[in-house]
Structure formats: structure tokens, C-alpha cells
Amino acid sequence: MTGRLRRALTAIALLPLVLACGILGDALPPTDTTDATAEPIVAATPLTTPTATQIPPPTETASPTGQTTPKPTPSSTATAEVTEAPPQVPVLNDLSIDTDDVLLLPVPAVYAGDLVTLHVSPNLPRGIAPNDVQLRVLLDGQELLADHINYRKLSGDVVGLYQWVWDTTDQEGAHTITIEVDPADRILINDENPANNVTSLDVIVHPRRELTANEANASWIEFESDCCILHVVSGTAAHRDIERLKTQVEAAFEHAAGTLAVPLSATPYDVYFMDRVIGQGGYALEDMVVSYLDRNYAGGQLDELLVHEAVHVIDRVIAPNRITFLAEGLAVWVAGGHYQQQNLGQRMAALVEQGGYEPIRQVINNFFTYQHELSYLESASLIDYLVNTYGWPRVRDFYANATADDGLTLTDAIDVNLRDTFGRTLDQVEADWLAYLAALPRDLTAAQNLETTIRYYDTMRRYQTIYDPTAYYLYAWLPDPTEAAERGTTADFSRHPESETNIALESILLAANAALLQGEYDQVNALLGSVDRVLDSEGQFIDPQAKSYLDIVRAVADEGYEAQQIDLNGNRATVSASRPNWMNMVPLQLRLGSDRTWVLNQ
């Protein structure tokens, strides 16, 4: 049966996908739904909820053989200042919950007036369907919500996510949140000990006056361009640079639409800029969300990121039910690279030579469980090969027609549509593609860049798991910007951990990204080595280079600034810094004195 005929006989309406920059998760937007998703759900029954987003799992097969990404480190505190993501508890034989399973967003602290989202990850034994797990939350003894486990993250983990459920206006001070799992004690098997089904945590709602004026009074502001409406939070870097962003967004949408041969919509696209990192720096629901901040340690270049996300917004016109693997490959292909302009063929050939290639069937069915850059490169290179071989019009037909309901697995669905469009099976296309790659001239620079890029992002994600875990793409909550703007909440799009350790390590990562874009690979590896040594030593800045960055951060802070970008050159440093309630960056010059302390030049 052809893919077209299958769809004609299928009554299931697939909902829009959630796309994260460098990430495409088939996550559903926060709407009330019980519809099927683009990838089957592994749980015993589908997750449905009237209050929160659902995310189907990234895989439909057994555990992969490829590299997986480490999980976030468990939190050690139960207060609202928690900055680490809840632990992914090993599956035990008893339904349970404790304080480490609860996270309040935004992080790192809650201030009066915030709309708080509750993230709960109890231990769910195998055999218990998430829909069957009821959950009750009490705030100071009064019921705040009663719901069930309702949300699947890109990692595949199932949690309870209840967005913006607690309005802390006029709630300054100490509070107690109590979470009860299976409060009616309806689950008998695999819940033999109901005593561990309740946990409580103390929460401090800080006075709003402790925030800077910019953040305390932040609001969403709209700016119009020819193609789009740009939404920024007042007082942020995006607000400051809005005229330049208008131009870049216009160019991105024009490039994406021109390459896809799809006319731009007469209705403006909505583009939201956030002053924090989530994942690789962006995602798309119905609208597009992009990280734009002065200390953007997610790396890459903005132009490629904007094109990537624009593709995810535009291509639903031709492929509303596209498959994750193909959609991410298409976005990278249109952008000309994942993080910068890249020769996808030679880059993929380098991956094969380095022994990093994974069979395409495995990657398609387990897209998110493989190393991130590997998955995206394989998908993009395959699209690149198909376009070079058959031309974009035929590839467009293939892409538009391939949906998850065309087969029992995603590989089956792609195989059916490859046969329909090109007369080749998936296995034949894979063999043709590998032969094509083998015939390409070798590029040692592409190989070195690939190897260094993979190390950069592995280190960056390791940093996230420890010091900025709510940004880590496999476990991140991707808030709906439209609803946030309607509610007037900005904290989830701007607030993030900013301790001196965060600032120092992010500054080193930012310097490593700059060196990577310049092809200075030895410098990149030296900087990443410094970050790794800090992470290895549980936050101790013993490494001399890392300590210099930390000392510079402290010296700048002593003068009332926050370091955003640091260019360290021997005994001299140039720092781009910010001041509270001031959008513009200030250039500072520092030198290392004879007493080995960093001081500002007067």
C-alpha cells in the first residue's frame, strides 16, 4: 500500500511538531488533546492532559547501541533556589516520590509575582501506565491542583508538568508544597508502600524588590518587519539589537522560503527572542523561539540558527506531519550547516572515516538517544545526497508525503516513501549514499572541525547537566511563548543561573566557540580542557586558565559589572560587560598585576 493511500485511509489527525534548534522533538504544543502523535508512545496508555504539553518518546525500538547523552545530576536541595533538574530515578518496584523529584520553575529562585511551573518526576515502576497515576499538590495545606502524570520529554522520561499553576503575586515569604502521588491509593500492584507516596518541600518566595528594575518590570514588546512580528523582553540584548535582528530574521525567512520553493505567508510569522539558553538555542511550536543573549554559550552562529528555525515554521505548509529525522536534516541542509556553513558531504565522509557512522535505521528510530551532532549530520547529509542525486522537486515530494503513519516504524514509513518516490528501498539508498560519500575528496579541515565540534557540544552539555540543567535539551521544558506573552510572564524566557561559576564557565565556552568558528582547534581544545577540569573537580578552579577567567569575573563584579564575553590574552584581558538596568555593553580592559590579581585599567 502506498504512503498516499495509507494516509487517505487514516483518520488520525497528527498534531504539529515541536522543533528545537538542532533538536526536533515530536512534542505537541500545549493544547488540550488526545490525538495520536507523530511517533508512537511507549507507555501502556497514551498520555492525555487538559493542562500540559505532551511529548512522545524519541524512540520506538529497544535501547540503541550508539552513544547516549548523560542525564542531569540530581538536586541536593528542596527549596525554590534549586537549579538542577530532578534526577532520572532508576525504575524500582514501588511507586514513590521524594523532594529531589520536584522542581519549581523559573530557576534559580522564585520572586513574588512569578507564575510558577511545577515539574514532578516520581519513580514509576514498569507496568504502571502514567495515565493511571493521579497526583495532588497542596500549597500551605490548600489544594493547588489535582491531575495525573502527563508529559513526555525528548529523553522519553515521563513526568508531571503543570505550567504556570501558582501565581505568587502577594505571596512573598515561606510556603510549603506537598505532593501526593496516587492519593486515593488506587494502585495496588507496584505500590506496596503508600507511605513513600508523599513528599513536602519548603519554598521561599523572595521579595520582588530584590530583582533588578529591568527584570522586575519586564514585559513583552512587539516589533514588526516585512515578514514577521518580533517579540522581545524589555531590557534584554534582543531589545537593544532589535533593528539588526529585524534584518537577520527577514533574510532567514527569505532564504528558507526561497530554498524550499514555498511562498512566505501573508500572515506575519511570530518570532520570540529569549534571554537565556534552552537546548541548542531555539525551538519552534506554532511560533519560533530563539536564544539571543550576550553570553550565549550554546555556540554556533545566529544566521544558521534563524534559517534552521524558519524552515521548521515554513515547511509545515508542504509537510505538516513530517518525520523528525527528515525534518531536522532538511533544516540543516537549507541552512547550509548545523552551526556554521559546512560541506555536508565531506563532513559526513569524515564521520564515516572516523568510525562514528551509525546504521541509518538505528538513527531514524532512535534519533535523540544518539550523540546529537551525529544524528543531525547523518540526517542532513542524507537530504543533501538525495537533492544532489534526484533534485529538490522530487525530494520535496518525498518529504511532504512521508509521515509516521505510513509504516509500523519510522524506518518502515521512510522505506515506503523512498520506494514510491525514487524506486529505491531504504537499504539501497543507504548503500548508494555511502558509496557517494566514499567517492568524495577528503578534507582534513572538515574532519578536524567535526571532531572538535563534537567535543565542544559534549562539554557544553556536560556543563548544562551540572550548572544549567533546565537548559539541557533532552530534559528541558519548552514553554509556549504565545501563552507566556498572553499571561504577561517573562521569567521563563530570561531568568537563569548566574553564579560566578556559571559566568566563568560560560565565558570559557563562549571563547571556545569563537575559536572554533575561526578554525583555531588547538585553542578550542585547550579551553574545553579547562572547563572539563573544573567539572571533574566538582567546581574547583584549580586549572590555571579557568582560574584566570574566574578571577576576571570577580574583578569585574567588584566594580559593579557582570562579565559577558572575555578575551584573555596572556596578562591582558578585554571584557564586554553589562551593568544592572543597562542594556548596552561596556568594554573593559584588565591587566594582571604583579600580585597576580586582575585589575581594571584606569
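Visitor: How many nonpolar, polar and charged residues line the second largest cavity?

Guide: This is a predicted model, where local features need pLDDT of at least 70 and side-chain atom pairs 80 or more, while totals for chains, interfaces and linings use all residues. Residues count from 1 along each chain as its sequence is written, and side-chain values use heavy atoms, without hydrogens or water. With Ala, Val, Leu, Ile, Met, Phe, Trp, Tyr, Cys and Pro as nonpolar, Asp, Glu, Lys and Arg as charged and the others, Gly among them, as polar, the lining has 6 nonpolar, 3 polar and 2 charged residues.

Visitor: Which element gives the largest share of that lining?

Guide: The lining includes Tyr339, Arg347, Glu373 and Leu450. Helices here are DSSP runs of H or I with at least four residues, and strands are E runs of at least two, numbered from the N terminus. Those giving two or more residues to the lining are α7 (344-353), α9 (372-390) and α13 (444-467). The largest share, 3 residues, comes from α13.

Visitor: How far does α13 reach from its first C-alpha to its last?

Guide: The expected span is 1.5 Å times one less than the number of residues, and α13 has 24 of them. That gives an expected 34 Å, and the helix comes close to it, reaching 34 Å.

Visitor: Which strands stand at the edges of the open sheet?

Guide: The sheet has 5 strands in the order β4-β11-β10-β6-β7, with mixed pairing; strands pair if DSSP finds at least two bridges between them. Inside it, β6 (134-139) and β10 (173-181) pair antiparallel over 5 bridges. Two strands have a single partner each, so one side of each lacks a neighbour in the sheet: β4 and β7.

Visitor: How many residues of strand β14 are buried?

Guide: β14 runs parallel to β13 (228-233), joined by 4 bridges, and parallel to β16 (288-291), also over 4 bridges. Its Tyr272 stands opposite His231 and has Val289 as its bridge partner in β16. Buried means under 20% relative accessible area, using a 1.4 Å probe and protein chains only. β14 is largely enclosed by the rest of the structure, because the buried count among its 6 residues is 5.

Definitions and conventions:
1 Å grid on protein atoms, 1.4 Å probe; cavity = no way out; pocket = protein on both sides within 12 Å on 5 of 7 lines; lining within 4 Å. Buried < 20%, exposed > 50% of the residue type's maximum accessible area, 1.4 Å probe, protein only.
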